[in-house]
Structures are given as structure tokens and as C-alpha cells.
Number of protein chains: 2
Amino acid sequence: MNSIPDLLGMIAAICTTGAFVPQVVHVWRRKSAKDISFGMYSILVVGVLLWLIYGVLIHSWPVILANAATLVLALAILLLKIWYERRDRCVSEST
Amino acid sequence: MNSIPDLLGMIAAICTTGAFVPQVVHVWRRKSAKDISFGMYSILVVGVLLWLIYGVLIHSWPVILANAATLVLALAILLLKIWYERRDRCVSEST
């Protein structure tokens, strides 16, 4: 850490990755993900995966670590979305 | 564009920024944002704003453009969330 841009970039990375934590908690607590866009999280998972590969190719640990964490969180939201939609479909079919 | 990492980074940036478009459309169409985390989009807006300042400081147009677009989309989702919550509160108070 040797400059203001470096420090700013690090705080920015922590925010844009950490931001997904309250969303995982929110969906998990509400047991609902109807307002969450399947399209958003599908494209996001692909994008973050590409950032991860990019990080590996340019040997950048900050890019690798930030995107590995975001990938886990975005995948968790996507899987919860799929899980709750399947549950809702089963409930509506059985009633 | 002169290497595979550059191309990969560009596609990754388009995905992680573009991903927010279907979420804006989804919330707008459903007229509901209950499952959207206020915490996520508040932290995200701060993080993207810091990325934007970082981009200006390091004179990186790709960082500036990608984060300016993400900022508009994330702000739109946050404002829709606030708008719909206020509407729901008014409806529940009037009934």
C-alpha cells in the first residue's frame, strides 16, 4: 500500500465484494428471492468467473481474491433463487 | 485490444456491469423490491463511487466508464427500493 489510489482501490474492492453479504443474508432470512433477477445473477456469475480467469492470467492476487469471494456470494444468491422458485412451484402444484 | 487477457477483461467488465440491467427491469416490472437488500445496494453504490474516483486518479477510461454505468444502474435499483418501500408504508398506514 503506497498511494492514495491503492488505498481507495482496496476500500472500493472490499465494498463491491462485501456488498453481496447483506443480500445473501436478506434472501436467506426472508426465504424469498422473487424480486431477485435470475438474469442478473447468471450474467454476474459468468462475468465474475471471467474476472477470476483474467486475474490468474495477469497474476493479480487482489483481482483473484476479490472475484473468488464475489463468485461464492453471487453463486449463493443464484442457488437460493433457484431453490426458492422450485419450492414455490412444488407448493403451487400441490395445492 | 492486443491480448487474450485484455479481451477477457473487457468481456468480464461488460458482464459485471450489464448484469444490473435485468435487475432494474425485473424490479421495475414487478413493482416490488422486498427481496432486494438495502444494505447491499447502499454499500455497492459507495464501492462503485470509490472505483470511479480510483479510475479518475489512475486515468483509466475503462474503469471510469464501467463504474459510471454500474453507478447509474445500482442507484436506480436503490431508488426503486426506497420508492416501493415508501409506497408500501403509505398503503399499510392508510388501511
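Copies are superposed here by least squares on the C-alpha atoms of residues with pLDDT of at least 70 in both. The structure is a predicted model, in which local features need pLDDT of at least 70, side-chain atom pairs count only at pLDDT 80 or more, and totals for chains, interfaces and linings use all residues. Side-chain values use heavy atoms, with hydrogens and water left out, while residues are numbered from 1 along each chain as its sequence is written and chains are lettered from A in the order in which they are written.

Chain B is superposed on chain A by a rotation of 180 degrees with 0.0 Å of shift along the axis, at an RMSD of 0.0 Å. The two copies are thus related as by a two-fold rotation axis. Within chain B, B:D35 has the C-alpha nearest this axis, at 2.6 Å. Of the interface residues of chain B, 100% are also interface residues in chain A, so the copies meet through the same surface.

A:Q23 counts as buried because its relative accessibility is 0%, where buried means under 20% relative accessible area (1.4 Å probe, protein chains only). Beyond its neighbours within four places in sequence, A:Q23 is in contact with residues of chain A, including A:I36 and A:Y41, and with B:D35, B:I36, B:S37, B:M40 and B:Y41; contact means heavy atoms within 4.5 Å. A:I77, also in contact with A:Q23, is 54 residues away in sequence, with a C-alpha to C-alpha separation of 7.6 Å.

A:T70 belongs to helix 4 (residues 61–94) of chain A and, at 7% relative accessibility, counts as buried. Leaving out residues up to four places away in sequence, A:T70 touches A:T17, A:F20 and A:V48.

Conventions:
Buried < 20%, exposed > 50% of the residue type's maximum accessible area, 1.4 Å probe, protein only. Helix = DSSP H or I, 4+ residues; strand = E, 2+ residues; numbered from the N terminus.
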